[in-house]
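Have a look at the model first, then read on.

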Amino acid sequence: MDNEVYSHGHHESVVRAHAVRTAADSAPHLLPHLAPGQRLLDVGCGPGSITLDLARRIASPDGSGQAIGVDRSEDVLATARDLAAAQGVQNATYEPGNIYDLQYDDGSFDIVHAHQVLHHLADPVAAVRELRRVTAPGGVLSLREADYAAMSWFPGSAAMDRWREVYDAISRSNGAEPNAGRRLLAWSLDAGFEPADLDITASTWIHGTPERRNEFGLGWAERALHSSYAEQALEHGFADLPALESIAAGWRDWASDPAAVFIMPSVELIAHVAQD
């Protein structure tokens, strides 16, 4: 579905936030399933930092452990390639691709991974079916999705309440489901997995240190005014410029509060692809 809109876009503030993610904080449920020599696909890889961490964990002396990151944005793939080169990771490559129609043969990968991708899609079930198709028998499909309605923060902020309302409106105008975490199990069952195939867990990001508050809060203050969030909010009439400026100010106020905390839960799922 080439006409789908990525709600976050690829403004520098968005890419910067995504480029600090690691396998440890973004795929903890997958780590026990990794082993040297596996072939891994990371779909919707963005700037590629998670892909690189996963690649390191499957690297093998004989070179058989390979990771491929796929994204539809050539610009963000260029960023991912630069990051791989800077870190000297030799077993990670990046390719353009469409999650609904991947260019790989059936059963090509031992591990297929998608992190925070499905909540941007109009047809997440079709995407899970395609991810399952390229997962080898005996392999695993790893999914992790946030749930915006379940996010919470302290202290309360009318501006941040408005931020979530506008995000929800943007996401739904793009045909996507922002509260994906709670639906992840249902989508996987609808995609053809049996209940016994699925291991479901949850983990949480918490922004409560000065460094994390600054990265997250000031990042969203910038995104509220300059990223696709702002462009789509204005285009669709979900907020005017004064409202966006108020949202940005609310994020800055939150980031400057030494007692402030933001809690972001995600649901995780390991889907086991049955042996033939």
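**Helix packing and cores**

Q: Which residues of helix 3 are buried?
A: Here, buried means under 20% relative accessible area with a 1.4 Å probe and protein chains only, and helices are DSSP runs of H or I, at least four residues, numbered from the N terminus. Helix 3 is mostly covered, with eight of its ten residues buried. Those are Ser49, Ile50, Thr51, Leu52, Asp53, Leu54, Ala55 and Ile58.

Q: What kind of model is this, and how are residues numbered?
A: It's a predicted model, where local features need pLDDT of at least 70 and side-chain atom pairs count only at pLDDT 80 or more, while totals for chains, interfaces and linings use all residues. Side-chain values use heavy atoms, leaving out hydrogens and water, and residues are numbered from 1 along each chain as its sequence is written.

Q: Are helix 3 and helix 4 oblique or roughly parallel to each other?
A: The axes (lines fitted to C-alpha atoms over the stretch in contact, with angles from 0 to 180 degrees between N-to-C directions) of helix 3 (residues 49–58) and helix 4 (residues 74–87) come within 9 Å and cross at roughly 40 degrees. Under 35 degrees counts as roughly parallel, over 145 as roughly antiparallel, 65 to 115 as roughly perpendicular and the rest as oblique. Helix 3 and helix 4 are therefore oblique.

Q: Which residues make the contact of helix 3 with helix 4?
A: Contact means heavy atoms within 4.5 Å. From helix 3 come Ser49, Leu52 and Arg56, and from helix 4 come Leu83, Ala84 and Gln87.

Q: Which residues of helix 9 meet helix 8?
A: Helix 8 (residues 210–226) and helix 9 (residues 228–236) pack at about 40 degrees, their axes 5 Å apart. On the helix 8 side sit Trp220, Arg223, Ala224, Leu225 and His226; facing them in helix 9 are Ser228, Tyr229, Ala230 and Glu231.

Q: Which residues touch the most other members of the largest nonpolar core?
A: A nonpolar core is a set of buried Ala, Val, Leu, Ile, Met, Phe, Trp, Tyr and Cys residues joined through side-chain atoms within 4.5 Å. The largest one has 31 residues, and the ones touching the most other members are Leu41, Leu131 and Leu143.

Q: Which element gives the largest share of this core?
A: Several elements each supply at least two residues, including strand 1 (39–43), helix 5 (124–133) and helix 7 (184–190). The largest share, four residues, comes from helix 5.

Key. Buried means under 20% relative accessible area, exposed over 50%, partly exposed in between (1.4 Å probe, protein chains only).
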